[in-house]
Amino acid sequence: MSEQNSFLKAVRGLRPDKTPVWFMRQAGRSLPEYRRLRTDNDMLTACTTPDLAAEITLQPVRRYGVDAAIFFSDIVTPLYLAGLEVEIVPGKGPVFSDPVLDPKDVDRLTSHKGFDPDCITQAAQIACAELDETPLIAFAAAPFTLASYLIGKTRSKNHLEARAFMHSYPDAWNRLARWCADMSAAFLAAQIAGGARTAQVFDSWVGDLSRADYQKYCSEHSRVVIDSAHAHGVPVIHFGVGAASLLDLMRDVGAECIGVDWRIPLGEAVKLIEHGPGDRFAVQGNIDPAILFASQQVRHEHIVQVLAEGEKAAAHIVNLGHGIPPNADPAILQEIVDQVHESR
Ligand code: 1CP
């Protein structure tokens, strides 16, 4: 696959002739073909059955003609493969049977030393064989976001339990976060071995952290994950929700491209991310998922605005500011892909 591919060029901060577009959660519940496949298979079975995971990965690429595929799986798949008891509860998300409540729970978790990556690599290989020129994005969670599902009996508002744990037991937190980083790194490695050409690190819930706590408790662990992708020669997109106050710190963790949510214009994000003249970063984003439910004219104008803001970055990959909501209309997503492709 040539580095002339528009998505691969843009990730590395070089402006391609055509602005690339893909969507977070493009493989999933908004697609009728996904819902059909999932009726007989629970989520983690779909994630660990190579033919199914590959097929679901390919569905949105066939349908929309997006410029990249994202590997179909979940951030907790490596932990499930490592033997942890976890269920993906419909409408809710991952729930672990034995959550981390105190430091000795961390010792129990970290005794799981890894997982068999074969089903992941095979799924990526099957998907890449059909994708041909369209790149596959590997993904994994950043340690804070992964740990936020492991800590506490319920998922607390603003991830209070995870943050309380990190303050109460800094040593145990660091061991847990480092273990999460190693699991995410191994998950990326398995996808890259199967042919993925870029990695996206999701730190979806990082926006709940203060700048000081991000630096003290999280950035070094996120760096482990990003460095691991770089060690395989693959560029990285680093994404967080509600993370405008952290963008400069996230940039320092080392990814080539920063994913931005819908809360700030891309031009403002670029000013926060770039440290000075000549410092040119790629950005990804940031269509407001809410406009998927607005009128055609509102949508059209919003996309024009996002594209104009994207011109302020070295390179721009169009995406939503977070994942596709399950009740979104695929016809509207198609319209967005077409508008972006016709734009330049
Ligand atoms: O019942 C179903 O169909 C399950 C719904 C679902 C799907 C389709 C879940 C449960 N995960 C996924 C797939 C998924 N998860 C992908 C597939 C590829 C694609 O984007 O098309 C990816 C990249 C993820 C990553 C993921 N899982 C993240 C990070 C991205 C984000 O949205 O911020 C997070 C936070 C999760 C946890 C998770 N898994 C599932 C849900 C509903 C959630 C979020 C729960 C919550 O809000 O806490």
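Q: Which residues touch the most other members of the largest nonpolar core?
A: In this predicted model, Leu-150 and Trp-173 touch the most other members of that core, which has 126 residues.

Q: And which helix gives the most to this core?
A: Helix H10, residues 170-193, gives the most, with 12 residues.

Q: Back to Leu-150: what is it in contact with, leaving aside its neighbours within four places in sequence?
A: Leu-150 is in contact with Leu-79, Leu-84, Phe-96, Pro-99, Val-100, Leu-109, Leu-176, Trp-179 and Cys-180.

Q: Now Thr-77. Is it buried or exposed?
A: Thr-77 is buried, because its relative accessible area is 0% and buried means under 20%. This residue lies in helix H5, which covers residues 77-81.

Q: What is Thr-77 in contact with, beyond its neighbours within four places in sequence?
A: Its contacts of that kind are Leu-44, Cys-47, Thr-48, Ile-120 and Phe-187.

Q: Next topic: helix H13. Which of its residues are buried?
A: In H13, residues 266-273, the buried ones are Leu-266, Gly-267, Ala-269, Val-270 and Ile-273. These residues cover an arc of only 160 degrees around the axis, so they are on the same side of H13.

Q: What covers those buried residues?
A: The cover includes helix H12 (247-251), strand S7 (257-259), strand S8 (282-287), helix H14 (296-310) and strand S9 (315-320).

Q: And Lys-271, is that exposed or buried?
A: Lys-271 is also found in H13. It counts as exposed, because its relative accessibility is 68% and exposed means over 50%.

Q: How many Å separate the C-alpha atoms of Lys-271 and Arg-63?
A: They are separated by 35 Å, and the two residues are 208 residues apart along the chain.

Q: Let us turn to pockets. What is the volume of the largest pocket?
A: The volume of the largest pocket is about 1,100 Å³. Its lining consists of 37 residues, and those nearest its centre are Arg-25, Arg-29, Met-43, Asp-74 and Gly-93.

Q: How does the lining of the largest pocket divide by class?
A: It has 19 nonpolar, 10 polar and 8 charged residues.

Q: What about the second largest pocket: what is its volume?
A: Its volume is about 180 Å³. S3 supplies the largest share of the lining, 4 residues. Among the lining residues are Lys-92, Phe-96, Pro-99, Tyr-149 and Arg-155. By class, the lining has 6 nonpolar, 3 polar and 3 charged residues.

Q: One last topic: how many cavities of 30 Å³ or more are there in the whole structure?
A: A search of the whole structure finds 2.

Q: Which residues line the largest cavity?
A: The lining consists of Gly-240, Ala-243, Ala-244, Leu-247, Gly-259, Val-260, Asp-261 and Ile-264. They divide into 5 nonpolar, 2 polar and 1 charged.

Q: And which residues line the second largest cavity?
A: Ser-148, Ile-151, Thr-154, Arg-155, Ser-156, His-159, Glu-161 and Ala-162 line that cavity. By class, its lining has 2 nonpolar, 4 polar and 2 charged residues.

Key
Residues numbered from 1 in each chain as written. Predicted model: local features only at pLDDT ≥ 70, side-chain atom pairs only at ≥ 80, totals over all residues. Heavy atoms only, no water. Helix = DSSP H or I, 4+ residues; strand = E, 2+ residues; numbered from the N terminus. Buried < 20%, exposed > 50% of the residue type's maximum accessible area, 1.4 Å probe, protein only. Contact = heavy atoms within 4.5 Å. Arc of directions from axis to C-beta. 1 Å grid on protein atoms, 1.4 Å probe; cavity = no way out; pocket = protein on both sides within 12 Å on 5 of 7 lines; lining within 4 Å. Points joined across faces, edges and corners; volume = space filled by probe spheres on them. Nonpolar A, V, L, I, M, F, W, Y, C, P; charged D, E, K, R; others polar. Core = buried A, V, L, I, M, F, W, Y, C linked by side-chain atoms within 4.5 Å.
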